[in-house]
Amino acid sequence: MSWRFWQPSLHREVDDELDFHLEMRVREFMARGMPAAEARAEAERMLGDATRLRRILRRAGKERDRTMRRTEWLAELRQDLAYGFRTLARNPGFTAIALLTLAIGIGATTAIFSAVNAVILRPLAIPEVDRVMLVGELYEDRAADVSVGNFVDWRAANASRPVFSELGAINWRNFTLAGEQPERVIGAAVTAGYFAVMGVAPLRGRVFTEEEDRPGGARVVVLGHRLWQRRFGGEPTAVGQVITLNGLPHTVLGVMPPSFDFTNGTEDLWVPAAFTPEVEAQRDEHYLTVYGRLSPGSTPDVARSTLAEVQRVLNQRYPNENGSRSVHVEPMMRQFIGDARSQLLLILGAVVLVLLIACANVANLLLARGATRAREFAIRASIGAGQSRLVRQLLAESMVLALVAAGLGIAVAWAVIRTLVAAAPPGVPRLEQARLDPATLGFAVGVALVSTVLFGLAPALRSARADLQGALRTGQVRASGGRHDWLRQGLVSAEVALALVLLVGATLLVRTAIHLQRVDPGFEPRGLVTARIALPAESYASPEAVRRAFETVLEHLTASPGVKSAALSSQVPMGPGGGFNGLIPEGKPVAPESQVNARMRLVSPGYAETIGLRLKRGRQLSTADRTGGPRAMVVNEALARDLFPGQDALGKRVVCCEGAPDDLRWKTIVGVVGDVRSRGPDQAPQPEFFLPISQAPDEAWNWIARTMSLIALADQDPLVLGPAMREALRRVDPSLPVYRIETLEASLANALAPARFRTALLGSLAGIGLLLALVGIYGVIAYLVTRRRGEIGVRMALGATSGDVLRMVIGQGLRPVLAGTALGALGALAATRLLATWLHGVSPNDPLTFGAVALSLTGVAALASLIPARRATKVSALEAMRAE
Amino acid sequence: MPGPDSDFLQGTLDVLILKTLSWGSRHGYAIARWLEDSSAETIRVEEGSLYPALYRMERKGWIEASWGMSELGRRAKFYQLTPSGRARLRAEIAAWRRLSGAVGRILEARG
């Protein structure tokens, strides 16, 4: 008999035990002849301080009881878990389907979560990054870059009324790094404050000071970690060495740590901006990216309103340059993540839909199992297992399922993350850092527990509580009444609805991809090779020198063997460079309000012919458009419409890019060409205009940073073009590199990489969702058939044909499918609106897509129900009756 | 009872109690008496330490207690060894033999 069956309170336990002890001692001493009183005294003396002892024992007893309760609880848990394992192992079919379903759902969700975590959630390696703001101009309600003049004035105003503890500007530039192989590197000119804003200490050496960030200061450079590794092999002695940038010696001051890489410019070195007074007076070119660290107590709103006030004054002082600009302040983190945020969150949404389908499947499976186990529960309840004990056992079973599923899910996630990182298009910041870290593992286990316990336990409980007596009386699996069938069918409807949403989204993206493949880019990319050349301002100062150098390179290239035709352009389709200029058409007042913005291209004669630009009106630019001759210009159709709506633009005149009020330098439109999708097939054409390099405004060479693209078409083999371009440049200036050599076909394909990735990702998620939903449909119909064996047998005995039975079973199976399809169509109408920005050539609620997806989903569902339905027709009446 | 050798003494008391219980269940008084008798009163177990030791060992799962009738018809708390207590006793005895053998060899060694 355990003492716990008759358990005295701890107080009485201690008292009784000690009283018994004393009594026995007294008895012992009296037996030896001691008088009673003396024996009592002696016994008490031996026991010592009784009050203290009682206290000690009570405390020890309390501790003992607690430990024992815990041990007992653990033993029961172990028992439940072992039982859970055994039950799962006894039903390998059920377990395999449940685990597979869950592993896919958990794995996919966890992988995407790890990507979201790496890209969006994890802060940048900047101390107090939430205090670092991107500060921009706000122009026509759009965040824009900042002019040097405005930046300098903001900085001055901030010094007297600080809302930022520091303001820094960065401007990306290309540098030619001399060496055995001259190399083109992306670098940035930054103000000394830039490093202070970021608050990151250099790994080696130091960053430059305010003194070094002044015109005429020492030529110094801070290296990025990548470049340091590549050019100096990570040698600490790099600091103090002199490197030649754009032909000028620069002393290496320091090296930044690898984590100092949080602009999307991925620059490799930093030089002082060292604004000269002339540059500081520049107010009409807005190209600086400005960051600020909020001063203590300041907030983004305070900073915005304070700077906006400063800007209002600047607008009044420089109305032409500033117009009505305001100030834009947003956390740097948000700008850094940018577009990746909405993409990832959308994918996360899709993954959650897959997870929900998986959960519905598991719920359905557990529900079915609960039904078949109703008898087991009834028996256990009747021999004294309390409701709570049954619940605990079910809970333990779900936990076992959840933990095994989490383990498998983590394995799936590991594989998915690897695939994702390898397949993702470039430009998603930090995606390569996605991995199975503690946060991700915790997430996986959490998802597993929630999805099995929430979705699994609830239905299991319902069936456990179902009609126990009925189950015992009939000895039949009857616990699942109509109510549970209803629940099961509801789950199927939900699965179908979720799968439909996924499928519609994926189909819309696939149709977009097909559309984009067929989109006419407006030029002929086949066989074209392009490359960039940049002339350093230090050695090519005058516009004539620049033009002559470029023209000579082109002459050499054109004369090279294997080159069919070649040309120069400040920007090729999908290529870097280029900017916007304001154009004023004749007939409008020459004032800023009349400006029409368009993208400028400086081109050599023959550019249009080389890339296959289609002439719509007039002529192309030619060698006839000489320096000093009548100024000619070619516009595309989009610009022609913008400049002269409803009129013929040919022969009309335009002011742009140069001149003064007394010397407007009108340019005549000599030709109109077709539009080109120069930012990629998924981007609308922009208004563009072309100027011959022979008539390029002097200032234009600075706008394009003396950098142009060579573009060449091969006679036969495009592989000869790269070496030919190198040789052509080497003959003009051997110290300069040719960089970004690529075929236009490749860059066209690259421009579509994000769209392809999205399509593939959503497509596979939709496929998984569909598969899981089909498993669910199959399961439910198989269950229905099992449950109605008797009825089917009777019907067939009474003369129903196999066809009748088939129709009945499939009809019943399709009812929740049809309901789910209707529900899913509604859901998809709402969900596809989120996709709208990524859709081209198809509307978010394209009826054809909706119809086709709904129809095929229903068709596939009918097929899935065909297998168990055919089994139903094999039921013989005799067998069915016997089963009853 | 603090002191440098309290762990040793406590450990010794635990082993003695385990040994006492190895023949069957006994109540606290019987354990104390048996220890006195069999050591010819060399070892006088402080009764103030005996009972805390019993509670502690109960918590460790070496012994378990049940209420029953004593030989004199009084309700008494009886202690008995659990399987884990029995294993513990075997381990302690082996360790004690090793230790006493080693100490004995050292003490009887001749220069």
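Some ground rules. Residues are numbered from 1 along each chain as written, chains are lettered from A and ligands numbered from 1 in the order in which they are written. In this predicted model, local features need pLDDT of at least 70, side-chain atom pairs count only at pLDDT 80 or more, and totals for chains, interfaces and linings use all residues, while side-chain values use heavy atoms, leaving out hydrogens and water.

Chain A comes up now. Chain A holds 28 helices and 23 strands. Helices (H or I, at least four residues) and strands (E, at least two) are DSSP runs, numbered from the N terminus. Of the 884 residues in chain A, 50% are buried. Buried means under 20% relative accessible area, exposed over 50%, and partly exposed in between, with a 1.4 Å probe and protein chains only. Look at contacts, meaning heavy atoms within 4.5 Å. In chain A, among contacts with a separation of 6 or more, 79% join residues 24 or more positions apart.

Now one helix. Helix α7 of chain A covers residues 225-232, and its buried residues are L227(A), W228(A) and F232(A). Down the axis of α7(A), these buried residues fall within an arc of 100 degrees, so they line one face of the helix. That arc is taken from the directions from the helix axis to the C-beta atoms. Just after α7(A) comes G233(A), with a positive phi of about 55 degrees.

On to chain B. Chain B has 4 helices and 3 strands. From the N terminus, the order is α-β-α-α-β-β-α. Of its 111 residues, 40% are buried.

Two strands pair if DSSP finds at least two bridges between them. β2(B) and β3(B), residues 75-81, run antiparallel and are joined by 7 bridges. Across from G68(B) stands A76(B) in β3(B).

Last stop: helix α4 of chain B, residues 83-107, which contains I106(B). Is I106(B) buried or exposed? I106(B) is exposed, at a relative accessible area of 63%. Thanks, that is the tour.
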